Amino acid sequence: MQPILRIATQAVRAAGRELMARAPNAPSSRSISAASEAYFQRTCDRALRTISNTIQRSYPEHEVVASANFTGQSSAETSWIVEPICGRMNFMRRFDHFCTLVGISRADRLQHALIVDHFRDGHFHVTRREGCFTTDGRMRVSDTRTTSGAFVALDGPNTITDFSTLRLTTRVSGCLGLDISNTACGRFDGLAYTNASTFHFQFARLFIREAGGFASTLNGGEWSASDDGLIAGNTYLHRKLVAERVKQSPVAAV
(Lines give C-alpha, C1' and ligand atoms only; values in the text may rest on other atoms or scores of the structure.)
Protein backbone atom coordinates (compact mmCIF):
# COMPACT_ATOMS: atom_id res chain seq x y z
CA MET A 1 0.00 0.00 0.00
CA GLN A 2 1.23 3.49 -0.86
CA PRO A 3 2.20 5.62 2.19
CA ILE A 4 -0.42 8.21 1.30
CA LEU A 5 -3.10 5.51 1.46
CA ARG A 6 -1.89 4.52 4.92
CA ILE A 7 -2.57 8.06 6.08
CA ALA A 8 -5.97 7.94 4.36
CA THR A 9 -6.78 4.71 6.21
CA GLN A 10 -5.75 6.19 9.57
CA ALA A 11 -7.93 9.23 8.92
CA VAL A 12 -10.99 7.19 7.96
CA ARG A 13 -10.56 4.76 10.86
CA ALA A 14 -10.43 7.71 13.28
CA ALA A 15 -13.68 9.07 11.86
CA GLY A 16 -15.17 5.59 11.68
CA ARG A 17 -15.18 5.19 15.44
CA GLU A 18 -17.38 8.25 15.72
CA LEU A 19 -19.63 7.16 12.84
CA MET A 20 -20.20 3.79 14.45
CA ALA A 21 -21.06 5.44 17.76
CA ARG A 22 -23.52 7.87 16.18
CA ALA A 23 -25.21 5.56 13.65
CA PRO A 24 -27.52 3.77 16.16
CA ASN A 25 -28.57 7.12 17.63
CA ALA A 26 -30.05 8.62 14.48
CA PRO A 27 -33.65 9.87 14.93
CA SER A 28 -36.48 7.37 14.46
CA SER A 29 -35.75 4.95 11.64
CA ARG A 30 -39.45 4.75 10.71
CA SER A 31 -39.40 7.99 8.74
CA ILE A 32 -37.09 10.55 7.16
CA SER A 33 -37.57 13.90 8.86
CA ALA A 34 -35.85 17.26 9.14
CA ALA A 35 -34.31 15.99 12.38
CA SER A 36 -32.76 12.94 10.70
CA GLU A 37 -31.49 15.08 7.81
CA ALA A 38 -29.89 17.50 10.27
CA TYR A 39 -28.38 14.64 12.29
CA PHE A 40 -26.92 13.14 9.12
CA GLN A 41 -25.36 16.47 8.11
CA ARG A 42 -23.88 17.07 11.57
CA THR A 43 -22.39 13.57 11.55
CA CYS A 44 -20.89 14.11 8.08
CA ASP A 45 -19.43 17.46 9.12
CA ARG A 46 -17.83 15.99 12.25
CA ALA A 47 -16.39 13.04 10.36
CA LEU A 48 -15.04 15.33 7.64
CA ARG A 49 -13.28 17.48 10.27
CA THR A 50 -11.72 14.41 11.87
CA ILE A 51 -10.51 13.10 8.51
CA SER A 52 -9.24 16.53 7.43
CA ASN A 53 -7.33 17.10 10.68
CA THR A 54 -5.61 13.70 10.40
CA ILE A 55 -4.66 14.29 6.77
CA GLN A 56 -3.32 17.78 7.30
CA ARG A 57 -1.08 16.75 10.17
CA SER A 58 0.89 14.75 7.58
CA TYR A 59 0.15 16.81 4.47
CA PRO A 60 -0.53 20.42 5.55
CA GLU A 61 -0.17 21.71 2.00
CA HIS A 62 -2.88 19.42 0.59
CA GLU A 63 -6.47 20.49 0.00
CA VAL A 64 -9.34 18.51 1.58
CA VAL A 65 -12.85 18.94 0.13
CA ALA A 66 -16.21 17.25 0.56
CA SER A 67 -17.26 15.13 -2.41
CA ALA A 68 -20.31 17.34 -2.96
CA ASN A 69 -17.96 20.26 -3.68
CA PHE A 70 -15.68 18.37 -6.06
CA THR A 71 -15.77 19.75 -9.60
CA GLY A 72 -12.84 17.90 -11.14
CA GLN A 73 -10.72 21.06 -11.19
CA SER A 74 -8.63 22.48 -8.38
CA SER A 75 -5.87 25.04 -7.95
CA ALA A 76 -4.14 22.75 -5.42
CA GLU A 77 -1.52 20.30 -6.65
CA THR A 78 -3.02 17.52 -4.53
CA SER A 79 -6.65 17.33 -3.42
CA TRP A 80 -8.33 14.84 -1.10
CA ILE A 81 -12.00 14.32 -1.87
CA VAL A 82 -13.97 12.85 1.03
CA GLU A 83 -17.47 11.42 1.29
CA PRO A 84 -17.80 10.59 5.00
CA ILE A 85 -21.05 8.66 4.55
CA CYS A 86 -21.87 7.06 1.21
CA GLY A 87 -25.33 5.57 1.70
CA ARG A 88 -27.27 8.52 3.08
CA MET A 89 -30.71 6.90 3.29
CA ASN A 90 -29.28 3.75 4.84
CA PHE A 91 -27.59 5.78 7.57
CA MET A 92 -30.74 7.76 8.35
CA ARG A 93 -32.75 4.52 8.50
CA ARG A 94 -30.17 2.96 10.86
CA PHE A 95 -29.39 0.33 8.26
CA ASP A 96 -25.82 -1.01 8.46
CA HIS A 97 -24.96 -0.54 4.79
CA PHE A 98 -22.90 2.58 4.29
CA CYS A 99 -19.21 3.38 3.91
CA THR A 100 -16.65 6.17 3.65
CA LEU A 101 -14.99 7.13 0.36
CA VAL A 102 -11.70 8.98 -0.07
CA GLY A 103 -10.15 9.93 -3.40
CA ILE A 104 -6.75 11.56 -3.89
CA SER A 105 -6.40 13.69 -7.00
CA ARG A 106 -3.26 15.09 -8.60
CA ALA A 107 -3.40 17.36 -11.62
CA ASP A 108 -7.20 16.99 -11.52
CA ARG A 109 -7.06 13.23 -11.97
CA LEU A 110 -7.75 10.62 -9.31
CA GLN A 111 -4.58 8.68 -8.51
CA HIS A 112 -5.62 6.81 -5.37
CA ALA A 113 -8.94 5.87 -3.80
CA LEU A 114 -10.14 4.14 -0.66
CA ILE A 115 -13.41 2.53 0.46
CA VAL A 116 -13.93 1.59 4.10
CA ASP A 117 -16.95 -0.47 5.20
CA HIS A 118 -17.03 0.25 8.93
CA PHE A 119 -19.56 -2.40 9.89
CA ARG A 120 -17.78 -5.31 8.21
CA ASP A 121 -14.26 -3.98 8.64
CA GLY A 122 -13.95 -3.95 4.85
CA HIS A 123 -11.01 -2.11 3.32
CA PHE A 124 -10.52 -1.58 -0.42
CA HIS A 125 -7.87 0.61 -2.01
CA VAL A 126 -6.60 1.39 -5.49
CA THR A 127 -3.64 3.18 -7.08
CA ARG A 128 -3.60 4.10 -10.75
CA ARG A 129 -1.56 1.61 -12.81
CA GLU A 130 -0.87 -0.53 -9.73
CA GLY A 131 -4.22 -2.30 -9.30
CA CYS A 132 -6.76 -2.44 -6.53
CA PHE A 133 -6.62 -4.54 -3.39
CA THR A 134 -8.51 -5.67 -0.33
CA THR A 135 -7.26 -7.49 2.75
CA ASP A 136 -7.72 -10.77 0.85
CA GLY A 137 -5.44 -9.74 -2.00
CA ARG A 138 -5.83 -8.27 -5.46
CA MET A 139 -9.33 -7.44 -6.67
CA ARG A 140 -10.57 -8.62 -10.07
CA VAL A 141 -13.93 -8.21 -11.76
CA SER A 142 -16.04 -11.31 -12.40
CA ASP A 143 -15.54 -13.44 -15.51
CA THR A 144 -19.22 -14.00 -16.31
CA ARG A 145 -20.07 -14.34 -20.00
CA THR A 146 -23.85 -14.33 -19.79
CA THR A 147 -26.47 -11.75 -18.88
CA SER A 148 -29.02 -14.30 -17.69
CA GLY A 149 -28.74 -14.33 -13.92
CA ALA A 150 -25.82 -11.89 -13.85
CA PHE A 151 -25.76 -10.13 -10.47
CA VAL A 152 -25.98 -6.39 -11.12
CA ALA A 153 -26.34 -3.49 -8.67
CA LEU A 154 -28.85 -0.82 -9.70
CA ASP A 155 -30.05 2.40 -8.12
CA GLY A 156 -33.83 2.10 -8.45
CA PRO A 157 -36.92 0.73 -10.22
CA ASN A 158 -36.44 2.84 -13.36
CA THR A 159 -33.05 1.27 -13.94
CA ILE A 160 -34.48 -2.20 -13.38
CA THR A 161 -37.06 -1.51 -16.11
CA ASP A 162 -34.34 -0.39 -18.54
CA PHE A 163 -32.60 -3.77 -18.29
CA SER A 164 -35.58 -6.07 -17.74
CA THR A 165 -35.13 -8.00 -21.01
CA LEU A 166 -31.63 -9.17 -19.98
CA ARG A 167 -32.98 -11.35 -17.14
CA LEU A 168 -30.49 -9.99 -14.68
CA THR A 169 -30.45 -10.72 -10.98
CA THR A 170 -30.61 -7.22 -9.54
CA ARG A 171 -29.87 -5.61 -6.21
CA VAL A 172 -30.65 -2.09 -4.99
CA SER A 173 -28.41 -1.51 -1.98
CA GLY A 174 -28.56 2.26 -1.56
CA CYS A 175 -24.76 2.55 -1.34
CA LEU A 176 -22.80 3.20 -4.53
CA GLY A 177 -19.43 2.90 -2.76
CA LEU A 178 -20.08 -0.67 -1.63
CA ASP A 179 -21.56 -1.53 -5.03
CA ILE A 180 -18.28 -0.35 -6.59
CA SER A 181 -16.17 -2.46 -4.22
CA ASN A 182 -18.38 -5.52 -4.73
CA THR A 183 -18.16 -5.14 -8.51
CA ALA A 184 -14.39 -4.59 -8.47
CA CYS A 185 -13.81 -7.76 -6.44
CA GLY A 186 -16.21 -9.90 -8.50
CA ARG A 187 -19.02 -10.39 -5.97
CA PHE A 188 -21.26 -8.42 -8.33
CA ASP A 189 -20.97 -8.75 -12.08
CA GLY A 190 -21.71 -5.09 -12.75
CA LEU A 191 -23.54 -1.96 -11.74
CA ALA A 192 -25.73 0.63 -13.45
CA TYR A 193 -26.70 3.97 -11.91
CA THR A 194 -28.86 6.56 -13.65
CA ASN A 195 -27.16 9.44 -11.83
CA ALA A 196 -23.51 9.93 -10.91
CA SER A 197 -21.52 12.92 -9.71
CA THR A 198 -18.11 13.88 -11.11
CA PHE A 199 -16.48 12.31 -8.09
CA HIS A 200 -18.48 9.07 -8.19
CA PHE A 201 -17.85 8.60 -11.89
CA GLN A 202 -14.08 9.08 -11.59
CA PHE A 203 -13.98 6.99 -8.43
CA ALA A 204 -15.84 4.05 -9.99
CA ARG A 205 -13.82 4.19 -13.20
CA LEU A 206 -10.51 4.06 -11.32
CA PHE A 207 -11.56 1.06 -9.23
CA ILE A 208 -13.23 -0.92 -12.02
CA ARG A 209 -10.53 -0.35 -14.64
CA GLU A 210 -7.74 -1.27 -12.23
CA ALA A 211 -9.70 -4.45 -11.45
CA GLY A 212 -9.73 -5.40 -15.14
CA GLY A 213 -13.17 -4.10 -16.08
CA PHE A 214 -14.60 -1.07 -17.82
CA ALA A 215 -16.73 1.91 -16.80
CA SER A 216 -18.55 4.55 -18.83
CA THR A 217 -21.74 6.59 -18.93
CA LEU A 218 -25.04 4.79 -19.56
CA ASN A 219 -24.55 5.32 -23.29
CA GLY A 220 -20.92 4.22 -23.38
CA GLY A 221 -19.27 7.63 -23.50
CA GLU A 222 -17.48 10.05 -21.22
CA TRP A 223 -19.18 11.76 -18.31
CA SER A 224 -20.31 15.39 -18.70
CA ALA A 225 -23.42 15.73 -16.51
CA SER A 226 -24.92 13.88 -13.56
CA ASP A 227 -27.75 12.35 -15.59
CA ASP A 228 -25.21 10.68 -17.91
CA GLY A 229 -25.13 7.97 -15.25
CA LEU A 230 -22.68 5.13 -14.82
CA ILE A 231 -22.32 1.57 -16.07
CA ALA A 232 -19.44 -0.64 -14.92
CA GLY A 233 -18.45 -4.29 -14.93
CA ASN A 234 -16.33 -6.74 -16.86
CA THR A 235 -15.92 -5.86 -20.52
CA TYR A 236 -18.52 -8.40 -21.71
CA LEU A 237 -21.26 -7.33 -19.32
CA HIS A 238 -20.43 -3.64 -19.71
CA ARG A 239 -20.89 -3.92 -23.46
CA LYS A 240 -24.22 -5.76 -23.08
CA LEU A 241 -25.57 -3.28 -20.53
CA VAL A 242 -24.62 -0.27 -22.67
CA ALA A 243 -26.17 -1.83 -25.78
CA GLU A 244 -29.41 -2.54 -23.93
CA ARG A 245 -29.55 0.95 -22.45
CA VAL A 246 -29.04 2.56 -25.86
CA LYS A 247 -31.75 0.31 -27.34
CA GLN A 248 -34.18 1.30 -24.58
CA SER A 249 -33.34 5.02 -24.91
CA PRO A 250 -33.78 6.01 -28.57
CA VAL A 251 -33.37 9.73 -27.78
CA ALA A 252 -29.91 9.10 -26.29
CA ALA A 253 -28.95 6.91 -29.24
CA VAL A 254 -29.68 9.60 -31.85
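This is a predicted model: local features need pLDDT of at least 70, side-chain atom pairs count only at pLDDT 80 or more; totals for chains, interfaces and linings use all residues.
**Entry 1: the seven-stranded sheet**

I began with the sheet of seven strands, which is open and has the order β1-β2-β3-β4-β5-β6-β7. Its pairing is mixed. As background, I noted that strands of a sheet pair through backbone hydrogen bonds, either parallel or antiparallel.

I looked up the edges next. β1 (63-66) and β7 (137-138) stand there, and each has a single partner strand, so one side of each is left without a neighbour in the sheet. β1 pairs with β2 in the parallel sense, over four bridges. In that pair I found Val65 opposite Ile81 of β2.

**Entry 2: β4 and its two hairpins**

I then followed β4. With β3 it runs antiparallel, and seven bridges join the two strands. Val102 stands opposite Leu114 in β4. β3 and β4 form a hairpin with two residues between them. In that turn, Ala107 has a positive phi of about 55°.

β4 also pairs with β5, in the antiparallel sense and over six bridges. Here I found Asp117 opposite Gly122 of β5. This pair is a hairpin too, with four residues between the strands, and Asp121 in the turn has a positive phi of about 55°.

How many of the residues of β4 are buried? I found eight of its nine, so I wrote β4 down as mostly covered, taking buried to mean under 20% relative accessible area.

**Entry 3: helices on this sheet**

Which strands does helix α5 lie across? I listed β2, β3 (99-106), β4 and β5 (122-127) for α5, which covers residues 176-184. Helix α5 runs at about 100° to β4. Helix α6 also packs on the sheet, and touches β2, β3, β4, β5, β6 (131-134) and β7. The direction of α6 makes about 85° with that of β4.

**Entry 4: the five-stranded sheet**

I turned to the sheet of five strands, also open and mixed in pairing, with the order β9-β8-β10-β12-β11. β9 (169-171) and β11 (214-216) stand at its edges with a single partner strand each, so one side of each is left without a neighbour in the sheet. Neighbouring strands here are turned by 15° against each other on average, direction ignored.

β8 (residues 151-154) pairs with β9 in the parallel sense over three bridges. Phe151 stands opposite Thr169 in β9. Helix α6 (residues 198-210) packs on this sheet, where it touches β11 and β12 (230-233). The direction of α6 makes about 160° with that of β11. Helix α7 (residues 235-248) lies across β8, β10 (190-193), β11 and β12, and runs at about 150° to β12.

I looked up the largest pocket and found a volume of about 420 Å³. It is lined by 20 residues, and those nearest its centre are Phe40, Glu83, Ile85, Cys86 and Arg88. Two or more lining residues each come from α2 (34-58), β2 (78-86) and α3 (88-92). α2 gives the largest share, five residues. By class I noted 12 nonpolar, five polar and three charged residues.

The second largest pocket has a volume of about 190 Å³. Its lining includes Asp108, Arg109, Arg128 and Gln202. β4 (109-117) and α6 each give two or more residues to this lining. Which element gives the largest share of it? I found α6, with five residues. The classes here are two nonpolar, one polar and six charged.

Notes:
Residues are numbered from 1 along each chain as its sequence is written. Side-chain values use heavy atoms; hydrogens and water are left out. Two strands pair if DSSP finds at least two bridges between them. Axes are lines fitted to C-alpha atoms, for helices over the stretch in contact, and angles run from 0 to 180 degrees between N-to-C directions. Contact means heavy atoms within 4.5 Å. On a 1 Å grid over the protein atoms alone, a cavity is a set of points where a 1.4 Å probe fits but cannot get out, and a pocket is an open set with protein on both sides within 12 Å along at least five of seven lines; lining residues have an atom within 4 Å of a point. Grid points are joined across faces, edges and corners, and a volume is the space filled by probe spheres set on the points. Ala, Val, Leu, Ile, Met, Phe, Trp, Tyr, Cys and Pro count as nonpolar, Asp, Glu, Lys and Arg as charged, and the others, Gly among them, as polar. Buried means under 20% relative accessible area, exposed over 50%, partly exposed in between (1.4 Å probe, protein chains only).
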